[in-house]
Structures are given as C-alpha cells and as structure tokens.
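Welcome, and please take a moment with the sequence and the 3D view. A short tour follows.

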Amino acid sequence: MYCPEWLGSDVVRIIRHVGRSPCTSFTPELLRNLCLHISLLFGFEISPRHYSFELGKLSIWFQDLLKLVEAKDNDLVIVLDNLHSLRCAPNNQASILGWLPWNLPPNVHIVCSVSEEEEKILGLLKTRISTSENFVYISSLTSQSALSMMQSNLKDNKHVLTPDQWQLVKQRLDGKSVCPLYVKLLSSLARRWPSYKTLTDKDVPITIEELVNIFLIDLEGKYGVETIRKIATYLTCTNFGLREAEIVELLANSEYEGPQIDNEVDNRKVEFSVIHWLDIKKEIGT
C-alpha cells in the first residue's frame with residue numbers, strides 16, 4: 001500500500017503468500033509463476049523454451065527478466081510472505097533460496113518474511129545478504145503501535161471513531177501486545193460501528209478467536225447458519241483452499257437462506273448460486 005510513498009508512483013507489486021497454494025509451495029512452481037507474472041506485466045516475450053520446470057533454467061530466466069526490468073522506468077517490488085513454507089527435498093535445502101540473485105538492479109526489490117523459528121532459512125538468507133540493515137525483526141505490537149496502525153487503517157478507509165469509541169478501544173488494548181492480524185480484524189470491525197453506537201467491552205474483543213467469532217455470527221445472521229457452516233468446513237478441510245467455482249459447485253445443491261426480510265414470502269429458501277457467493281465474498285472482504 002505504501003510502496004508509492006517510498007519509491008514513487010510507478011511501482012509494480014507482485015505478492016505471493018508462500019504455501020497457500022500448489023503454485024506457491026514448491027520452488028520450481030513458484031519461480032515459474034513469478035517469471036510468467038513479470039513477463040505479462042512488462043510485456044516481455046514468453047517463448048516455448050520457457051515452458052520448463054527445471055530449476056536451473058527457471059533461475060536463469062528469472063535473472064534475465066530482472067535485467068530487462070532494470071531498463072524500465074518502473075520499480076518492481078516482489079513480496080514473498082512466509083518464505084519458510086516453501087517446500088523442497090530434505091537433502092536439498094539450498095534449492096529454497098538458490099534461485100535468489102546475489103545482486104538486484106536498483107529498481108528491483110525483494111521482500112521476504114520468515115518465521116524467527118526457521119533458523120536454517122534465516123541462515124541461508126544471511127549467507128546471501130551481507131548487509132545486516134536488510135534484516136528487520138518485527139516484534140509483537142505494543143498497545144500504542146496497535147492504536148497507530150488501527151488509526152491508519154481507519155483513515156485509509158475514510159472512517160473516523162468518536163472520542164468515546166476511541167477511549168474504550170484504548171482501555172481495552174492498554175498494556176497488551178497484539179499481532180498485526182488482530183489489528184486488521186479489529187479495524188474491519190470498527191468500520192462497522194456507526195457514530196451513534198455506544199461501545200461496551202464485548203464490542204472490542206481482545207483475542208483473534210473472539211473477533212473471528214463475531215464475524216462468523218454476523219455472517220450466519222445474514223446468510224444462514226447452514227450456508228456459512230458449510231463454507232467454513234470446506235475451507236478448513238482443504239490444504240490450499242478452494243477456487244470460487246469449486247465453492248459454488250459444492251454448495252450448488254444447498255438451500256440458501258439469505259438475509260432475513262420482513263416479508264415471510266421473500267424468506268423462502270432457494271438454491272445457492274454464484275450471486276449468493278458474491279454477496280458473501282463481498283461481506284467477508286469488508
């Protein structure tokens with residue numbers, strides 16, 4: 001979000017949540033996916049010789065692409081979240097990071113997040129990056145940092161809390177250390193608070209579990225317990241989640257309750273459709 005403020009207006013961002021899908025779980029698939037993405041974004045040629053899953057060839061292609069990007073006016077930022085989730089053969093740990101270039105063009109930036117428990121991955125990164133300034137430790141957020149982050153999130157979404165609402169949030173977070181996910185969820189919840197709402201302690205949960213429960217209960221009230229239960233169950237039981245088409249297909253034969261309406265005639269259950277999923281998806285996204 002803040003890349004343009006740091007680097008300028010012409011910033012191309014590529015973000016991969018490693019381990020979330022088959023394409024981001026293994027080094028060859030991830031690297032090939034990145035190469036294709038860069039080629040499509042910048043209009044570089046994709047020839048038959050690029051249709052390979054050999055790590056060596058993909059590594060060369062990736063570095064060639066970065067050299068081509070150097071001649072462009074744009075900055076390229078590649079974010080690899082949870083890099084330690086990248087899988088490889090047990091006897092070939094080096095393949096996880098062997099494809100990363102030793103040197104990057106001035107307009108190319110690669111940002112990786114790694115769990116502090118993954119000492120092997122951190123050790124490999126340190127052998128490739130000599131400058132300690134490139135390593136940043138992100139600790140748990142203090143209450144003051146969490147409030148600043150929440151205020152920034154609300155500002156980005158053009159939402160303002162009343163002084164009384166802010167006061168209760170400050171009281172609930174006072175002296176507590178939280179993670180960014182908690183702040184993001186609380187910010188999403190706070191955007192739903194109208195200015196006339198008088199908050200209680202229950203309105204400002206202090207754990208992620210409580211926040212998630214609030215969102216799920218709200219979704220169940222709007223779209224039916226059975227529908228939300230099935231969606232949550234399917235997503236929980238899959239290793240890499242589901243495509244939207246797969247969710248719709250799985251729920252196609254389900255009865256959709258939908259938001260309750262005063263007119264009982266309009267509350268008849270209907271078959272689940274793409275339109276219903278889009279409504280739920282929009283609600284989840286907010």
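Predicted model: local features only at pLDDT ≥ 70, side-chain atom pairs only at ≥ 80, totals over all residues.

Leu 278 sits in helix α11, which spans residues 274–285. Together with Val 274 and Ile 275, Leu 278 makes a nonpolar surface patch of about 270 Å².

Now let us turn to helix α6, residues 163–173. Its buried residues are Gln 165, Trp 166, Leu 168, Val 169 and Leu 173. Viewed down the axis of α6, these buried residues fall within an arc of 160°, so they line one face of the helix. What do they pack against? Their partners are α5 and α7. On the other side of α6, Pro 163 and Asp 164 are exposed. After α6 comes Gly 175, which has a positive phi, near 75°.

The helices named here span these residues:

| Helix | Residues |
|---|---|
| α5 | 143–156 |
| α6 | 163–173 |
| α7 | 180–190 |
| α11 | 274–285 |

Finally, a look at the whole protein chain. The chain holds 11 helices and 5 strands, and 33% of its 286 residues count as buried. Its accessible surface comes to about 17,900 Å², with 53% of that belonging to carbon and sulfur atoms. Of the contacts between residues at least 6 apart in sequence, 69% join residues at least 24 apart.

Note on methods:
Residues numbered from 1 in each chain as written. Heavy atoms only, no water. Helix = DSSP H or I, 4+ residues; strand = E, 2+ residues; numbered from the N terminus. Buried < 20%, exposed > 50% of the residue type's maximum accessible area, 1.4 Å probe, protein only. Contact = heavy atoms within 4.5 Å. Areas by Shrake-Rupley, 256 points an atom, 1.4 Å probe, with all protein chains shown as cover. Arc of directions from axis to C-beta. Patch = residues over 30% accessible without salt bridge, like charges linked within 9 Å, V, L, I, M, F, W, Y side chains within 5 Å. Salt bridge = Lys/Arg side-chain N within 4 Å of Asp/Glu carboxyl O.
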